[in-house]
Amino acid sequence: MGFLSNLMGQKLVGTVKVRFYTEDEASVEYETDVSDQEQKEMDMNQVFALYYAKMLYNMNRGEYSDALIDYIQKAVSEIISDYGLNGLGRPSILASESFLASEQKLVEPKRGDAIKIYSGELFEKSNKTRIIQTHMSVAGENYYMPMSTVMFLQWLVKNLSDGSLVFLALTLMGMNKYYSGVGDYSNMRSIVESPDYGFNTATQILNNGKQV
């Protein structure tokens, strides 16, 4: 994939892998050659935004995709609810009331034994635009597709710096605003338009010093 992508003028920026060992246990890993931590976290945010948009598009319209948006919005609200007052929230979003499962757990990577693997590769084109290519195990998509997104977000909540996590939360808030009144996540254009809308929303809020 890397060799063919280079021939097409695309550079691999980073790869996220979500490995499920049971229905409720998964690990998340992000691989990249980028050494600068600030740039790395910016890339991770972009990977998640593109991954989220792509998974919603793949799921098409239905109760699972709508429920995922509601779930992500609730997580975002928990992250930013105390921002500026009591510090940044880093909630456990793998709650028992999840619409997906009862006992979800983020675990350390294990060798072998994965029953499902979901991955996303962030590529940069020669014109500097970025795209994501996703790969996933077949069967059970209505469960594992949204669940991989939630696991990925929980991992970011745990590992991002405060500034990057705030930016991600505001980006997701903007993306969900896009889905509620601007564009349709089942339209292919949303894969690009929604993350762009989210990034612009986060940038405007932070630049204008608005309360969140």
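Relative accessible area sorts residues into buried (under 20%), exposed (over 50%) and partly exposed (in between), using a 1.4 Å probe and protein chains only. This is a predicted model, in which local features need pLDDT of at least 70 and side-chain atom pairs count only at pLDDT 80 or more, while totals for chains, interfaces and linings use all residues. Residues are numbered from 1 along each chain as its sequence is written, and side-chain values use heavy atoms, without hydrogens and water.

Eight salt bridges are found in a search of the whole structure; the term denotes a side-chain nitrogen of Lys or Arg within 4 Å of a carboxyl oxygen of Asp or Glu.

Select E25 and K105 to begin. Their closest N and O atoms are 4.0 Å apart, and the two form a salt bridge. E25 belongs to strand β2 (residues 25-32) and K105 to strand β3 (residues 105-106), so this pair ties together parts 80 residues apart in sequence. Strands are DSSP runs of E of at least two residues, and helices are runs of H or I of at least four, numbered from the N terminus. E25 is partly exposed at 21%, and K105 is also partly exposed, at 45%.

Next, select D43 and R130. This salt bridge has its closest N and O atoms 2.7 Å apart. D43 lies in helix α2 (residues 37-59) and R130 in strand β5 (residues 130-136), 87 residues apart. D43 is buried at 2%, whereas R130 is partly exposed at 21%.
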